[in-house]
Amino acid sequence: MTSVDMEEAGVDTAGAPLLEAKELTRHFRVGRGFSRQMLHAVDEVNFTIGQQEIVALAGESGSGKSTIARLLAGVYKPTSGEIFYQGRAMSTYRSRKDQLSYRGDVPMVFQDPFSSLNPAFRVKHGVLRSLKLHRRDLTTKAQRFEEAERVIEAVGLSPAGDVMHRYPYELSGGQRQRIGFAQALAHKPKLILADEPVSMLDVSIRIGLLNLMAELRESQGVSFLYITHDIASARYVADRLMIMYAGHVVETGPTESVLQNPKHPYTDLLLGAVPDPRAPLNTGIEGDTGEPPKVIDPAPGCRFRWRCPLAVDRCHVETPLLRVLGKNHQAACHVAEPDTD
Amino acid sequence: MPSLEGQPLLEVRDLTVEYDTGDRPVVAVDHVDLDVHAGEFVGVVGESGCGKSTLLFAIAQLLSSPAAITGGSVTFQGQNLVTMNEKKLSALRWRDFSVVMQSAMNALNPVKSIGAQFRDTIMAHDEPVADERPAEVLRLVGIDPIHLRSYPHQLSGGMRQRAMIAMALLFTPDLIIMDEPTSALDVVAQRSLMVQIKELQKQLGFAVIFVTHDMSLVSHFSDKLVVMYAGQVVEFGDTRAVFDHPEHPYSAGLLDAFPSIRGPKVPLTGIPGSPPNLADPPPGCRFQPRCPKAFEDCPKIAPELYQVGAVQARCLLHVKEPVRERTS
């Protein structure tokens, strides 16, 4: 096995997954009485996240990516299916102590750093609260202060002692988002759910935060679920890429494999739409109006079939399941061809 | 009024906009020059707070207190908009130049149908407009005219943004000013909207000023590119020339700030630090505290725009002849 193969097989060598989702489903009720319908936000999704792994979840808005983050964070309860964290089913986390420990292990970083920090409190407030709630090993105030300084330094803000005493309005967007990461780090997390952490930031600041994620993975040993609609940034940090469309995972695999050799026509469409000044203009998708469907009481069949250039009769009657089409590379498409070698 | 022969459609000279903040005015747009010729697509890029939206509002004379134009001129079709009175301006607006705002959700009236908003716009002008014009412009942007009866909330984000563009096309203006029209959209919708704007431009021949923070977005669509930093133009030239050989370290940094989906994976650094506080800009070159190529002169001398090959760059690395003597 060459080193590249080893890297691509990273999922297998990492041992037992940190978190596993099995047939994860979440429906929302829309309307009431006779007009009651079900919106299928996430439908029968399976995936794993390994130790120290960065998994990117990409898709258009409304594809269900944020719903998955909220299911994993325990904000929503799944309609059916189960999440296993370190081998234990999440539905068995009943007591307050269990829930607290789970939430400490799997914190979330939010999209908008301008509204996710309380403007009335200094930066230290959020970090110290996290420490007080989740870190029973730190018994004194001095210890907590020391730890707060450590996590703020860890996200690249220094001098930490100075930053801690500032108010959010004194910080730039990039610095605020770093505080978001510091608050998550204070829990000593195993997995950080980062829901579009850079989409509200300026282009010149984004890369710094992506680098921070990669750094924290190494120095703190955390895994990330990186939710984004920017595939280029997913390629930059993630080991594995999952593409979602209308509540289904339509393609998953090692990032390079998915991007260089996309199997699902939707992945093709997404890749073609990424603006890239280094490449010639791709005008192959002009006919596409770019509207993802709302999945209300769906009939069987591929959900991409109305936009798909390759759709065949079978796509209208049978929902495609994920099939292995390459090394660790799966796609849910009736038409996609497996790797020949 | 037809544009004067050989003259640019829009000539911005020495335009300065200040925000009066009480103690010290904040100069958000600092002596900006910009030419837009008929049918040209000009991209304006920069970080938030660099003054790019303020520049647009100043060109369209839409600034409201505490922002005010404190110097310079905006000459559109031979007339100076800065000194023009409100009555003449409102006749010009929408007929000769129109504006597409950043977020279509806030720019459209939620309690009026699309058709009613189009009629409002038409009635605000004395210009005769054919009855079928609203349906025609909607068809132009790829929306079924049946949606004239729809309300904004019944349309998707992409359709709302298209409806805004349709509205901007009602009188077939010579210039359309766009302020990040695609920033609320997904990549796929964004790409299809950009392709459509470009198509319409080819078909109808209007000029576009397109403001965005995402440099890669305009790379394939704009003819000219203006890079702004801290209220100043730091680089200006043909889009292709700027992309191929960025002469200002800031443009080079912006170009290196986003990862590519093709080619080798390279570690990127972005641009360290954050943009300066415009109430108290750093001495000398404003980019100097973040610049990887800064040398001892940079904090002392404020650079002018210098001609470097095909582009203009505001950087002391290229000191030769200033492009233009400062008139003030």
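B:Thr172 is partly exposed, with 14 other C-beta atoms within 10 Å. B:Thr172 lies in the loop between helix H6 (157–168) and strand S7 (175–179) of chain B. Helices (H or I, at least four residues) and strands (E, at least two) are DSSP runs, numbered from the N terminus. The phi angle of B:Thr172 is near 45°, a positive value in a residue other than glycine.

This is a predicted model, in which local features need pLDDT of at least 70 and side-chain atom pairs count only at pLDDT 80 or more, while totals for chains, interfaces and linings use all residues. Residues are numbered from 1 along each chain as its sequence is written, and chains are lettered from A and ligands numbered from 1 in the order in which they are written.

B:Gln77 also has a positive phi, near 50°, and is not a glycine. This residue sits in the loop between S4 and strand S5 (79–80) of chain B. B:Gln77 is buried, since 20 other C-beta atoms lie within 10 Å. At the other end of strand S4 (67–76), the loop from helix H1 (52–59) of chain B contains B:Pro66. The peptide bond from B:Ser65 to B:Pro66 is cis, with omega near 10°.

Another residue of chain B, B:Ala313, belongs to strand S12 (residues 311–313). B:Ala313 counts as buried because it has 27 C-beta neighbours inside 10 Å. Leaving aside neighbours within four places in sequence, B:Ala313 is in contact (C-beta atoms, placed from the backbone, within 7 Å) with residues including B:Val234, B:Glu247, B:Leu305 and B:His318.

In chain A, helix H5 (residues 123–134) and helix H6 (residues 141–154) pack at an angle of about 120°, with their axes 10 Å apart. Axes are lines fitted to C-alpha atoms, for helices over the stretch in contact, and angles run from 0 to 180 degrees between N-to-C directions. H5(A) and H6(A) are therefore oblique to each other; under 35 degrees counts as roughly parallel, over 145 as roughly antiparallel, 65 to 115 as roughly perpendicular and the rest as oblique. Among the residues that meet are A:Val127 and A:Leu131 in H5(A), and A:Ala148 and A:Val151 in H6(A). The residues of this contact divide into six nonpolar, no polar and four charged. Here Ala, Val, Leu, Ile, Met, Phe, Trp, Tyr, Cys and Pro count as nonpolar, Asp, Glu, Lys and Arg as charged, and the others, Gly among them, as polar. The loop between H6 and helix H7 (160–164) of chain A holds A:Pro159, which is joined to A:Ser158 by a cis peptide bond with omega about 0°.

The largest nonpolar core has 183 residues, and A:Leu225 and A:Tyr226 have the most contacts inside it. Such a core is a set of buried Ala, Val, Leu, Ile, Met, Phe, Trp, Tyr and Cys residues joined through C-beta atoms within 7 Å. H9(A) supplies the largest share of this core, eight residues.

The contact between the chains takes 36 residues from chain A and 34 residues from chain B. H9(A) gives the most to the side of chain A that touches chain B, with six residues.

How values were computed:
Two residues are in contact if their C-beta atoms, placed from the backbone, lie within 7 Å. A residue is buried if 20 or more other C-beta atoms lie within 10 Å of its own, exposed if 12 or fewer, and partly exposed in between; C-beta atoms are placed from the backbone.
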